[in-house]
Amino acid sequence: MKESPTEDVDRIDLKILRALQSEGRLSNADLAKRVNVSAATCHRRTQRLFEEGYITGVRAEVAPGAVGLGAMVMVGVVLDRSTPESFGAFEGAVMELKEVLDCNLVAGDFDYLLKIRVRDMADFNKLHGQKLIALPGVRQTRTFFVMKEVKENARLPF
């Protein structure tokens, strides 16, 4: 995607992006009505937005508690070395952990901040003891159990 959101998208493209971000299951016909263009124009524009990387995917938002993953845990990770090789090894290994929803390289007290979903504290304890502390280069972890999700997966503000 381009650096400036106005380089290659116009107000109709922005309407399409907003509508799909809000309701990803809209049919092309409904989307076209909502943004006030023909179905063919809407389809062509939506395909272009996918091809150019403005839209990276469409998926359902599953209620974590409904599938037995009611506990969210944030984990700050400090690596023993700050080298491209150690970052690469850690990132490659964390990609294999299905419990890790997000992994971000951050500035500050940690090298990485992980967002993890598990059943409960016992489930996290097992994950921590068997997998997290065994990740390549991990020197220290700091764990934060989320008590209340105030704002989750908010829409992009454009």
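**Helix packing and side-chain contacts**

Modeller: R45 counts as buried, at 16% relative accessibility. The model is a predicted one.

Biologist: In which helix is R45 found?

Modeller: The relative accessibility of R45 is 16%, and buried means under 20%, so this arginine falls in the buried class. Leaving aside residues up to four places away in sequence, R45 touches D10, I12, D13 and I16. The element in which R45 is found is helix α3.

Biologist: Which residues are joined with R45 into one network of salt bridges?

Modeller: D10 and D13 are among the residues that R45 touches. Salt bridges with shared partners link R45 into one network with D10, D13, R48 and E52.

Biologist: Are α1 and α3 roughly parallel or roughly perpendicular?

Modeller: Two packed helices are described by the angle between their axes and the distance between those axes. For α1 (residues 11–22) and α3, the axes are 10 Å apart and the angle is about 75 degrees. Angles of 65 to 115 degrees count as roughly perpendicular. The arrangement of α1 relative to α3 is therefore roughly perpendicular.

Biologist: Which residues of α1 and α3 make that contact?

Modeller: On the side of α1, the contact is made by I12, D13, I16, L17 and L20. On the side of α3, the residues are C42, R45, T46, R48 and L49.

Biologist: How are α2 and α3 oriented to each other?

Modeller: Helix α2 (residues 28–35) packs with α3 at an angle of about 100 degrees, and the two axes are 8 Å apart. In this contact N28, L31 and A32 of α2 meet A39, C42, H43 and T46 of α3. The range from 65 to 115 degrees is the one that decides the class. The orientation of α2 and α3 is therefore roughly perpendicular.

Biologist: What is the phi of N36, in the loop between α2 and α3?

Modeller: N36 is found in the loop between α2 and α3. The relative accessible area of N36 is 68%, and the limit for exposed is over 50%, so N36 is exposed. Although N36 is not a glycine, its phi is positive, at about 65 degrees.

Biologist: N153 also has a positive phi; is N153 buried or partly exposed?

Modeller: N153 lies in the segment after β4. The phi of N153 is about 50 degrees, although this residue is not a glycine. With a relative accessible area of 47%, N153 is partly exposed.

Biologist: How far apart in space are R25 and A60, C-alpha to C-alpha?

Modeller: R25 has its place in the loop between α1 and α2. Its relative accessible area is 83%, so R25 is exposed. R25 and A60 are 35 residues apart in sequence, and their C-alpha to C-alpha separation in space is 8.6 Å.

Biologist: What is the area of the nonpolar surface patch that includes V67?

Modeller: V67 is placed in the loop between α3 (39–51) and β1 (71–79). At 52% relative accessibility, V67 is above the 50% limit and therefore counts as exposed. Together with V62 and L69, V67 makes a nonpolar surface patch of about 250 Å².

Biologist: Which residue forms a salt bridge with K98, and is that partner buried or exposed?

Modeller: K98 counts as exposed, at 69% relative accessibility. In its salt bridge with E99, the closest N and O atoms are 3.3 Å apart.

Biologist: How many residues apart in sequence are the parts tied together by K131 and E99?

Modeller: K131 forms a salt bridge with E99, with 3.7 Å between the closest N and O atoms. K131 lies in the loop between α5 (121–130) and β4 (138–145), and E99 in the loop between α4 (84–94) and β2 (100–105), so the parts that the pair ties together are separated in sequence by 32 residues.

Biologist: What is the N to O distance in the salt bridge of D80 and R81?

Modeller: D80 is partly exposed at 44% relative accessibility. R81 is partly exposed as well, with a relative accessible area of 48%. A salt bridge requires the nitrogen to be within 4 Å of the carboxyl oxygen. The side chains of D80 and R81 meet with an N to O distance of 3.9 Å.

Methods:
Residues numbered from 1 in each chain as written. Predicted model: local features only at pLDDT ≥ 70, side-chain atom pairs only at ≥ 80, totals over all residues. Heavy atoms only, no water. Patch = residues over 30% accessible without salt bridge, like charges linked within 9 Å, V, L, I, M, F, W, Y side chains within 5 Å. Areas by Shrake-Rupley, 256 points an atom, 1.4 Å probe, with all protein chains shown as cover. Helix = DSSP H or I, 4+ residues; strand = E, 2+ residues; numbered from the N terminus. Buried < 20%, exposed > 50% of the residue type's maximum accessible area, 1.4 Å probe, protein only. Axes fitted to C-alpha atoms, helices over the stretch in contact; angles between N-to-C directions. Parallel < 35°, antiparallel > 145°, perpendicular 65-115°, else oblique. Contact = heavy atoms within 4.5 Å.
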